[in-house]
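Thank you all for coming.

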Amino acid sequence: MADSDTSSVMHKIMYLLVSVQRLRAGEGISPQLLGQDLDKHGVSAADQKAGLELAYSKGWLQQGPEGEIQLTEKGFRVDLAQ
């Protein structure tokens with residue numbers, strides 16, 4: 001996947017978490033539920049993995065104590081209009 005495609009998927013993930021799921025910093029979602037949302041939006045499993053890895057590397061997401069995908073303060077403040 002091209003870097004721009006991975007970045008696009010990462011931004012879609014962040015949009016879904018903040019704007020659709022209405023998560024706030026420190027809140028999380030199960031990987032299965034997020035995967036279902038992304039499947040509905042036509043994002044393949046491989047693209048989901050790449051987008052999540054990029055968001056984790058930027059510090060926008062972290063793994064929660066029970067394995068959930070947790071939004072960080074930095075991730076919550078991301079400007080999704082970029």
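When I say that two residues are in contact, I mean that they have heavy atoms within 4.5 Å. Please keep in mind that this is a predicted model, in which local features need pLDDT of at least 70 and side-chain atom pairs count only at pLDDT 80 or more, while totals for chains, interfaces and linings use all residues. Residues are numbered from 1 along each chain as its sequence is written, and side-chain values use heavy atoms, with hydrogens and water left out.

Let me begin with Thr72, which sits in the loop between strand 3 and helix 4 (73–76), where helices (H or I, at least four residues) and strands (E, at least two) are DSSP runs numbered from the N terminus. If we leave aside neighbours within four places in sequence, Thr72 is in contact with Ala25, Gly59, Trp60, Leu61 and Gln62. Is Thr72 buried or exposed? Its relative accessible area is 11%, so Thr72 counts as buried, the classes being buried under 20%, exposed over 50% and partly exposed in between, with a 1.4 Å probe and protein chains only. The Thr72 side chain reaches the backbone oxygen of Gly59 at 2.6 Å, and a polar atom of that side chain lies 3.0 Å from the backbone nitrogen of Gly75.

Turning to Ser44, we find this residue in the loop between helix 2 (31–40) and helix 3. Ser44 is partly exposed, because its relative accessible area is 34%, and its side chain reaches the backbone nitrogen of Asp47 at 3.1 Å.

Note on methods: A polar contact is a pair of N or O atoms within 3.5 Å; within protein, one must be able to donate a hydrogen and the other to accept it, and residues adjacent in sequence count only if both atoms are side-chain atoms.
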